[in-house]
Amino acid sequence: TCELCAQAISQPEASPRQLSSSPIMPAKLKIENVDLKGKRVFMRVDFNVPQDKKDPTKITNTQRIDGALPTIKYALQQGAKSVVLASHLGRPDGSVVEKFSLAPVAKIVEEKLGKPGIFCKD
């Protein structure tokens with residue numbers, strides 16, 4: 001059961017019940033309860049996948065990618081204009097390190113979805 005989470009704006013005087021019943025945006029919804037047709041969907045995914053130590057462009061286990069695919073496919077099947085996937089592998093000392101690029105992950109996602117994607121660098 002995939003969930004699309006929306007963070008409520010911090011309102012110290014509001015009770016949790018008031019936040020969850022906000023007419024603007026509920027605190028938490030299942031993706032099945034959101035009209036995705038024509039919308040851009042921003043999805044935070046955990047693509048922190050294991051890489052080959054000698055060749056970090058090779059992903060050794062795609063389990064986390066496989067776990068996100070049903071939700072990604074669902075959004076596309078429901079007519080989402082686009083699905084933007086956000087993840088990270090690491091950024092030691094705040095600097096960009098090529099071996100931690102998500103480019104190899106993006107390639108696998110494209111292959112598994114059977115659709116082209118656009119990989120955005122930092």
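The model is predicted. The protein chain contains three helices and four strands, arranged along the sequence as β-α-β-β-α-β-α. The largest pocket holds about 980 Å³ of space, and α3 gives the largest share of its lining, six residues.

**Chain as a whole**

- Of the 122 residues in the protein chain, 21% are buried.
- The chain exposes about 9100 Å², and carbon and sulfur atoms supply 53% of that area.
- Taking contacts between residues at least 6 apart in sequence, 67% join residues at least 24 apart.

**Largest pocket**

- Rolling a probe the size of a water molecule over the atoms shows where empty space is left.
- In the largest pocket, that space comes to about 980 Å³.
- The lining consists of 35 residues, and those closest to the pocket centre are L85, L102, A106, F119 and C120.
- Two or more lining residues come from each of α2 (63–77), β4 (82–86) and α3 (103–113).
- By residue class, the lining has 21 nonpolar, seven polar and seven charged residues.

**Helix α3**

- P104, V105, I108 and V109 are the buried residues of α3.
- Viewed down the axis of α3, these buried residues lie within an arc of 140°, so they line one face of the helix.
- An α-helix has 3.6 residues a turn, so residues three or four places apart point the same way.
- The buried residues of α3 make their packing contacts with α2 and β4.
- K107 and E111 lie on the other side of α3, where they are exposed.
- Just after α3 comes G114, with a positive phi of about 70°.

- K37 sits in the loop between β2 (28–30) and β3 (40–44).
- K37 counts as exposed because its relative accessibility is 62%, and the cut-off for exposed is over 50%.
- Leaving aside residues up to four places away in sequence, K37 touches Q78, G79 and A80.
- For K37 and G79, the C-alpha to C-alpha distance is 4.3 Å, although they are 42 residues apart in sequence.

Conventions
Residues numbered from 1 in each chain as written. Predicted model: local features only at pLDDT ≥ 70, side-chain atom pairs only at ≥ 80, totals over all residues. Heavy atoms only, no water. 1 Å grid on protein atoms, 1.4 Å probe; cavity = no way out; pocket = protein on both sides within 12 Å on 5 of 7 lines; lining within 4 Å. Points joined across faces, edges and corners; volume = space filled by probe spheres on them. Nonpolar A, V, L, I, M, F, W, Y, C, P; charged D, E, K, R; others polar. Buried < 20%, exposed > 50% of the residue type's maximum accessible area, 1.4 Å probe, protein only. Arc of directions from axis to C-beta. Contact = heavy atoms within 4.5 Å. Areas by Shrake-Rupley, 256 points an atom, 1.4 Å probe, with all protein chains shown as cover.
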